Amino acid sequence: MFTLAEVASLSDIQPTYRILKPWWDVFMDYLAVVMLMVAIFAGTMQLTKDQVVCLPVLQSTVNSKAQPDAAGKADFTTVETTTGQEEASMRTVSFGSAPTVTPDIPLSRATSSQYQPTESDQEVKKEQKDSSGRKTNLDFQQYVFINQMCYHLALPWYSKYFPYLVLIHTIILIVSSNFWFKYPKTCSKIEHFVSILGKCFESPWTTKALSETACEDSEENKQRLTGAQSLPKYVSTSSDEGSPSASTPMITKSGFKFSADKPMIEIPSVTILDKKDGEQAKALFEKVRKFRAHVEDSDLIYKLYVGQTVIKTVKFIFILCYTANFVNTISFEHICNPKVEHLIGYTQFECTHNMAYMLKKLLISYISLICVYGFICLYTLFWLFRIPLKEYSFEKVREESSFSDIPDVKNDFAFLLHMVDQYDQLYSKRFGVFLSEVSENKLRGISLNHEWTYEKLRQHVSRNAQDKQELHLFMLSGVPDAVFDLTDLDVLKLELIPEAKITAKISQMTNLQELHLYHCPAKVEQTAFSFLRDHLRCLHVKFTDVAEIPAWVYLLKTLRELYLIGNLNSENNKMIGLESLRELRHLKILHVKSNLTKIPPNITDVAPHLTKLVIHNDGTKLVVLNSLKKMTNVAELELQNCELERIPHAIFSLSNLQELDLKSNSIRTIEEIISFQHLKRLTCLKLWHNKIVSIPSSITHIKNLESLYLSNNKLETLPAAVFSLQKLRCLDVSYNSIAVIPVEIGLLQNLQHFHITGNKVDVLPKQLFKCVKLRTLSLGQNCITSIPDKVSQLLQLTYLELKGNCLDRLPATLGQCQLLRKSGLVVEDHLFDTLPSEVKEVLNQDTGIPFANGI
C-alpha cells in the first residue's frame, strides 16, 4: 500500500508556482489531500482487520424445521430459532475432539448424532475412545477456507475495492490539477514567467520607479493647492514621455510641430540605484521583451488549463453518479453459497462484514468531498468563461503611475497575469513597470549617467585631422548628461544610439559647430533646437531608412554642410522630405551617398545656394541628370560610382565649375571633353578609375587646367596635347599601360606632382628633369633600369618613389636634391646601401621640412 508521503508527492509543486494558483486550486489541493487520507485510512483498515466471518447454517435444523424454497435456499428465520441445546452441541462437535471425516462421508453425518446435556462423562470418553484417526484440526482450516471463499463470492465488489477506487480517482484529480505545471510546452513558459516575475517584484528599480511616481503625484497636488499655474515649459519632439497623472492631457505631434512636456521638477530619489542593480534591471527589461514576444503569440497555456478543468468536472460527475448507487450495497450481513458441500457438508453460510459500518461512513464522507470539489470546478469554469482571460489591460496601472505607455497584452501572457491577480494584484502592477518604454528610458538614463561621468568623457575627447576637439560616442543607450558640460567641444559624433535625446543643456556648448548622427534618430527639445538652428554649421546623417532622418534637420536655417548617407532610391524619393531643404538658405555643400537613379528634383530648391554637390552611388546607374543645369553656382561636382558611360552633357552648363570628379564610373571615351572649353574656371579634372583608352587632342582647349587625374584607366600612350597645358601642376597617370614618357613633358614648367606608378616605363627622358618645380615624383612598379644623374636638377624634390623597378644602383647625385630625405625616398634597402656614405648622411639629416606628396 502507498504511504501518504509517497502519494502526496504527486501534488508537490515548486513553492514559486504558488503565485499562479488561485484560491480554488489551493482549496482543491487540500480536498485532494483529505481524499487521499480517506483512501489510505480505508485501505489500511481493510488490510489490518479481518475481512469476513462466516458460520454454517445447520442442514439438519433446516430440514426438520424449514423447507427450502424453489431456489434451494433455506428459511433463515427458522434457522435462527434453533434451540440453544443444538447450538451447544454444534459447538461441542466443532471445537471438541476433532472427528474423523472421510471424503465420502459428509461432515453433517459425522455430526448428525445428537448429544444430550445429561450424558455422562463415561459415554463421552467411550465415544472418544471409539473414534479412530489422527487429530488434524481440520475444522479450523475449513472455517478459514470458507471465510476466504465467501469474501470473494458474497461480498459486493465495491466493498472490496472502495479504498483503491478512491485512491485512483484522487490521483487522477491531482494529476489533472497540476498537469499544466508539468507539460513540457507549458512548463518552460510558466517557469520562465515565474522567474522573471519574482525578479521584477524584488528589483530595486521597481521600488524606485513606483516611489518616484508617488513623489511626482504628491508634488503636483502640492503645486495645484498652492496655485502654481505658470511655469516654464520645455518643448520636445519626443513622444515617449508618459503622462504624469490621469488629469494631464496628452499632446501629440504631427509634422514638424513640437509637443509640450510637463515642467521638469527635480525630485529626490527615494531609492539609490547602484550600478549592479541598474544592470540587473536592464537585463530584466530585455528578458520581459523576449518573453512577451515568445508567449503572446499563442494560447496553449489557457487551453490546457481549460481542458484540465473540464476533465476534473467530468470526473466529478462520473464519480458522483456511480458512487451514489453503491452506498447501500455496503452492508453488515451477507448470505454465502460456496457450493463446496462435498468438502465441508454445508451449503449455506451466514457471513458478517465487520468493516461495513466504517466503510459506509467513509464513502459518505468521500461523496461529500467530491460534491464540494465538483462545485469548485463549476465555479472555475464559470470564471474561465465569464471574462476574456486572453486579454489583459494595465489601464489601472497607467492611471496610478506616470508610465502611460504600458501596453495591453493578450493570449497566454494575459492569462498568466490574470492568474497572478488572483494571488496579489501588486505583482502585475510591479511587473508592468518593465513593460514601459518610459520606465526603460529612465533606467537607461540613470545607468548611463552613472557610467559616463565628465571625467570619463573627457578622456575620450581627441583631436581630428582639422585640429578640432572631437568626441565619438558609439552604441550607448542614450546621450549622457555630462556630454553637454564639455563646453569646448567642436565635433560631436553619435553612432548607433537609438534613444538619443538632446536636451537644453547643449546651449552651453558654444564651440559646437559639427554634429554626426550615424543611425541615430535623435530627438531634441525646443531650446536645444533653437541653439542648433543658430550655431550648427555641419551635419552628417547616416541612416538605413529615410524615416530615421530627424524632422528638425530640415529646419536648420544656418546649416552650411549637409551629408546624407543612406537609401534614397527613386521609390523612396517621395518620402525623403528633401523638399524642406529649401529652408536651408545658407547650405553650401550637399553630400549624398546613396543609390539614386536620378538626381531628386527637390535638390534644385537649394541649387542656387550650393557650391559643392557630391553624389556617391553604390553602383546604381544614374540616368537622369537634367537637374544639374539649374545648379549654376556649383564650383565642385563629384559623381562617383554612378555607372556613367560618357561625360554628362548637363555638366557643360555649369559655368562656375572649378573641379569635376567622375571617379569609379564606366567611361570609355572622353570625346565630349572639347565642350569643357566653355568652363573657363575648370582647374581640376578627375577621370580616374574608369575605362578610358585614349586622351583626345581637344584637351588642349582646357587652358586653365591645373590638375589632371587619369589613374587606373587603360591608357597606352600620352598624347603631346596633354603637355600643352602650361598651367598643369599635377598629372596622375598611375596604373595604366604606358610604356614611354614623351619628351614633351619638359614643356610643363609648372609641373609639381607627377605620378606614373604601375606602368611599363623603362627609360626616363632627360627632358623630365627640366621640370625643376617637381616636388613629387612617383616612378614605382615600372621597368626602369637606371636613374639619370640629372635628377640632381630637381632641387625642390621632397618625395621620390622608385620601388619595384629593375635598378641596380642609385645615382650619387641624389645628394644634391636639397629637400629630399630618406623618409621621402621609397626604394629597396639594398639599393639605398649602394649610395656613398656622404650621400646617406645627407639623406638621413632631419631638416624638419614637412612632407608633401601632392595627393
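## A walk through the predicted model

Start by selecting Asp29 and Lys21: their side chains meet in a salt bridge, 3.0 Å from N to O (a salt bridge here is a side-chain nitrogen of Lys or Arg within 4 Å of a carboxyl oxygen of Asp or Glu). Both Asp29 and Lys21 are buried (buried is under 20% relative accessible area, exposed over 50%, partly exposed in between, with a 1.4 Å probe and protein chains only).

Before moving on, note that this is a predicted model, where local features need pLDDT of at least 70 and side-chain atom pairs count only at pLDDT 80 or more, while totals for chains, interfaces and linings use all residues. Residues are numbered from 1 along each chain as its sequence is written, and side-chain values use heavy atoms, with hydrogens and water left out.

**Zoom out**

Show the whole protein: it has 23 helices and 26 strands (DSSP runs numbered from the N terminus, H or I of at least four residues for helices, E of at least two for strands). Of its 855 residues, 47% are buried. The protein exposes about 42,100 Å², with carbon and sulfur atoms supplying 54% of that (Shrake-Rupley areas with a 1.4 Å probe; for residues, only the protein chains shown count as cover).

**The annotated spans**

Now colour residues 27–47, 161–181 and 363–385, listed by UniProt as "transmembrane region" in an unreviewed entry (positions follow the numbering used here, feature names are shortened, and annotations may be inferred rather than shown by experiment). Residues 161–181 are 100% helix and 0% strand, with the end C-alpha atoms 31 Å apart. Residues 363–385 are also 100% helix and 0% strand, and their end C-alpha atoms lie 33 Å apart.

**A nonpolar patch**

Select Trp23, Phe27, Val372, Tyr379 and Phe382, which make a nonpolar surface patch of about 500 Å² (patch residues have over 30% relative accessible area and no salt bridge; like charges are joined within 9 Å, and nonpolar side chains, Val, Leu, Ile, Met, Phe, Trp or Tyr, within 5 Å). Helices α2 (23–48) and α14 (356–386) each supply at least two of the patch residues, and α14 gives the most, with three. Phe27 sits in α2 and counts as partly exposed because its relative accessibility is 39%.

**Helix α10**

Next, pick residues 184–202. This is α10, with 19 residues and a reach of 27 Å from first C-alpha to last, close to the 27 Å expected at 1.5 Å a residue (the expected span is 1.5 Å times one less than the number of residues). Its buried residues include Phe193, Val194, Leu197 and Cys200.

**Val340 and its neighbours**

Go to Val340, in the loop between β4 (333–336) and β5 (349–352). Val340 counts as buried because its relative accessibility is 7%. What does Val340 touch, leaving out residues up to four places away in sequence? Show Phe145, Ile146, Met149 and Gly345 (contact means heavy atoms within 4.5 Å). Val340 and Ile146 are 194 residues apart in sequence, yet 9.0 Å apart in space, C-alpha to C-alpha.

Move to α12 (residues 275–295), where Glu286 and Arg289 lie three residues apart, about one turn of the helix. Their salt bridge brings the closest N and O atoms to 2.6 Å.

Finish at Lys303 and Asp299, whose side chains meet in a salt bridge of 3.6 Å, N to O. Lys303 counts as exposed at 52% relative accessibility, whereas Asp299 counts as buried at 16%.
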